[in-house]
Amino acid sequence: MYTIFAITTLCLAVSCDESSRPDDVWLSGGVGPARVVYPRAIAFSETDGTFFVVDRLARVQHINADGQFLNEWRMPDFLTGKPVGISVGPDGNVYVPDTHYHRVMVYTPMGQLIRQWGEAGRGPGQFVFPTDVAFDERGRVFVSEYGDNDRVQVFDGAGAYLYEFGRFGQGEGEFSRPQSIVIEGGLVYITDACNHRIVVFTTDGKFLRTLGSVGSGLGQFRFPYGLDMDHQGNLIVCEFGNNRIQRIDKATGQGLAVWGSAGHEEGQLAYPWGVAVDRRGRVVAVDAGNNRLQVLKF
């Protein structure tokens, strides 16, 4: 009886979500419509309830709320490398941190290039490897980057440099590959991937705290990459190293539930890169190594 009680208690603590099957599976491996080759980022559009996915072919695919193909385009340059992030702005346009070309590209949802900014370098408005783009309530644009130039730069809506915060390192307020950004009110949450934690700043760049530590327990991370927030205000974290999705209390860093385990069956993940929460509260995980998206609810 003690053994049964112990197992039941453990399952309640982690929600037994590791072995759950997804609600749906979208896309499959390949080069045609609704097919992907190692997808690496996803963004949800509040404008119309659709999604944008970028993969290792440097393609951006636009899919509807059921995972069906709408349209696509390819980044103009891709021989050096492909983007590792994608975002939809308050204006409904698609912002792509063109990682290996050291710039931010802004497209309409149909794939028309509107503007771009940035170049290779370490100065204001320059980038090494930009990874993500996020937006605050004041219209400012936040761009994370890595490559021994690990920081977040902040721009106005037209791409003019305003200020920056963070630097490379393992200490407080430092980064080792800041990968994804979520902004709520006056707070910025950033997955500090190679330091296996989430770092919290104010939108003005003041360091506040870190969440998590390296490991595989609740509230721990191994290479957290993707990040979003659910409708209850919890952080949804995609862990590349632990092959799982974790729900985190953003105030305390406490792990609330996990979903997924390493593997190739439905409900399992292989090197997940990104995550997005839609208006229905569904979590869509970028299952990169399995060339698909998995849809789940905690």
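1. Let's start with a strand pair. Strand S25 (residues 235-239) and S26 run antiparallel and are joined by 5 bridges; strands here are DSSP runs of E, at least two residues long, numbered from the N terminus, and two of them pair if DSSP finds at least two bridges between them. Ile-236 has Arg-247 of S26 as its bridge partner. The hairpin of S25 and S26 has 4 residues between the strands, and in it Asn-243 takes a positive phi near 50 degrees.

2. A quick word on what you're looking at: this is a predicted model, where local features need pLDDT of at least 70, side-chain atom pairs count only at pLDDT 80 or more, and totals for chains, interfaces and linings use all residues. Residues are numbered from 1 along each chain as its sequence is written, and side-chain values use heavy atoms, with hydrogens and water left out.

3. With strand S27 (residues 255-259) S26 pairs in the antiparallel sense over 4 bridges, and Gln-246 has Val-258 of S27 as its bridge partner. In this hairpin, with 6 residues between the strands, Gly-253 is the one to look at, with a positive phi near 80 degrees.

4. How many residues of S26 (residues 244-248) are buried? The count is 5 of 5, where buried means under 20% relative accessible area with a 1.4 Å probe, protein chains only. Arg-244, Gln-246 and Ile-248 point one way, while Ile-245 and Arg-247 point the other way. In a regular strand, side chains alternate between the two faces of the sheet.

5. Finally, the largest pocket: an open set of points on a 1 Å grid over the protein atoms alone, where a 1.4 Å probe fits, with protein on both sides within 12 Å along at least five of seven lines; lining residues have an atom within 4 Å of a point. The lining comprises 41 residues, with Phe-44, Val-88, Ile-181, Val-182 and Asp-228 nearest the pocket's centre. S18 gives the largest share of the lining, 6 residues.

Conventions:
Buried < 20%, exposed > 50% of the residue type's maximum accessible area, 1.4 Å probe, protein only.
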